[in-house]
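Work through the exercises below with the structure open. Try each task before reading its solution.

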Amino acid sequence: MNPAYAIVDHVFSVPLDHGSPDGPSIEVFAREVAGPARAGDRLPWLLYLQGGPGGKSPRPSAGSPGWLPQALKTHRVLLLDQRGTGRSTPVTARSATRFACPADLAWYLAHFRADAIVRDAELIRRRLCGDTPWETLGQSYGGFLTLTYLSLAPEGLRACYVTGGLPGLTATADDVYARTYPRVRDRVLDHYGRYPEDAAHLGKIADLLAADDVRLPDGDRLTTRRLRTLGLALGMGDGFERVHWLLDEALDGDGRLTDTFLHQVMGLTGFTDNPLFAVMQETLYGQGERPTGWAAARALGDFPEFAEDADPLLLTGEMIYPWMFRDIRGLCPFEEAADLLARRTDWPPLYDLRRLARNEVPVAAVVYHDDMYVDAELSLGTAREVASTRVWVTNEWEHDGVTASGGRVLARLMDLAAGRA
């Protein structure tokens with residue numbers, strides 16, 4: 001029992017492939033959370049769909065995550081570790097080495113997309129709630145999952161809240177990254193505007209990495225291209241400060257990289273806890289016969305300002321590149337399987353456009369005007385295509401607004417869905 005919450009842990013056995021229910025199974029973990037004063041009350045359920053892909057659900061502590069106290073005023077919350085994450089038969093570098101060949105691993109990983117996660121959620125809902133629909137809160141990738149849920153099983157949903165996660169329903173990986181690079185460029189330049197010294201610090205670090213074989217504590221070589229992936233943090237509300245204070249302690253008095261900096265870079269760029277984020281990132285946009293084909297890497301050449309010798313040096317964002325699966329030990333076991341996924345040409349659709357156009361489930365979504373990760377224009381286009389959707393556009397919050405706002409974002413979305421705002 002957490003002193004702030006009443007908690008019950010659940011473990012469910014689900015088919016790896018919901019189309020073959022008698023085949024192999026995996027475990028999916030979910031944590032039920034209620035306010036202690038209302039633990040015995042009959043409350044509506046709110047399923048939390050974590051961002052990612054490959055992110056486990058937050059672990060609750062007093063007042064955290066920031067939206068949870070607001071949700072518990074009226075709901076019983078289910079924190080789902082999506083398949084392959086956290087305690088749900090996790091996909092790790094170690095587990096990847098157990099497959100006989102890359103093709104077997106790629107086949108296995110192909111069962112970890114949104115459609116399978118939604119089928120898991122429906123199985124869990126029926127076991128916990130019977131025929132009663134529940135509500136969902138989808139953060140970032142959780143919004144992608146929400147639209148797949150509305151496409152596959154709208155009967156399971158009473159209302160949906162989406163925070164920074166309305167995807168382009170027909171956008172390809174190429175469409176997405178053509179829009180992503182300019183947003184990341186602008187965010188990095190904004191960062192340099194706030195902290196001008198950071199551009200110089202990054203330039204000095206890049207020069208050191210070019211001149212010497214610098215190793216991280218786990219033995220991986222730190223290269224400029226790996227250094228640049230620190231830009232992934234810049235889209236969060238505290239992202240500028242997180243990067244700035246990391247760079248502030250990067251160099252010692254002799255101009256060498258500090259152990260503190262190297263340890264932090266290893267943790268931030270190693271994907272030890274969430275390899276599925278890298279492995280499955282571009283599969284989010286795989287639908288039909290068109291391969292994703294390492295779209296972020298191909299698009300990079302269209303933006304010369306991102307060259308490794310450019311001045312200022314630009315960090316990258318939510319882009320995954322083939323070199324990561326050779327250079328980062330936590331991703332090396334996935335290299336050939338990830339390439340097979342990138343070349344796949346028979347992805348099933350994730351969204352039913354006709355069903356979404358007739359949707360009757362209330363959907364309330366916040367679109368962050370300056371979102372670095374999810375394109376606001378694509379999100380607004382989707383909002384127009386999904387019936388029963390109400391949208392709030394704001395620049396008050398960054399991508400993590402649902403947590404950073406202390407529940408205010410969630411409260412407003414609930415009001416929107418209920419017609420109170």
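**Exercise 1: a helix and its buried side**

Task: In this predicted model, find the buried residues of helix α18 (residues 408-417) and decide where they lie around the axis.

Solution: The buried residues of α18 are Val-409, Leu-410, Leu-413, Met-414 and Leu-416. Around the axis they cover an arc of only 160 degrees, so they are on the same side of α18. Just after α18 comes Gly-419, with a positive phi of about 80 degrees.

**Exercise 2: the setting of Ser-140**

Task: Is Ser-140 buried or exposed, and what does its side chain make a polar contact with?

Solution: Start with the location: Ser-140 is in the loop between β5 (134-139) and α5 (141-152). Next, its relative accessibility is 10%; buried means under 20%, so Ser-140 counts as buried. Finally, the side chain of Ser-140 makes a polar contact with the side chain of His-399, at 2.8 Å. Leaving aside neighbours within four places in sequence, the residues in contact with Ser-140 include Gly-51 and Thr-163.

**Exercise 3: aromatic pairs**

Task: Classify the pair formed by the rings of Phe-99 and Tyr-108.

Solution: A search of the whole structure gives 11 aromatic pairs. For Phe-99 and Tyr-108 the ring centres are 5.0 Å apart and the planes are at 45 degrees, so this pair is tilted. Phe-99 is partly exposed, at 27% relative accessible area, whereas Tyr-108 counts as buried at 14% relative accessibility. Tyr-321 and Trp-323 form a stacked pair, 6.3 Å centre to centre with 10 degrees between the planes.

Definitions and conventions. Residues numbered from 1 in each chain as written. Predicted model: local features only at pLDDT ≥ 70, side-chain atom pairs only at ≥ 80, totals over all residues. Heavy atoms only, no water. Helix = DSSP H or I, 4+ residues; strand = E, 2+ residues; numbered from the N terminus. Buried < 20%, exposed > 50% of the residue type's maximum accessible area, 1.4 Å probe, protein only. Polar contact = N/O pair within 3.5 Å; in protein donor to acceptor, adjacent residues only side chain to side chain. Contact = heavy atoms within 4.5 Å. Arc of directions from axis to C-beta. Phe/Tyr/Trp six-rings, centres within 6.5 Å; stacked < 30°, edge-to-face > 60°.
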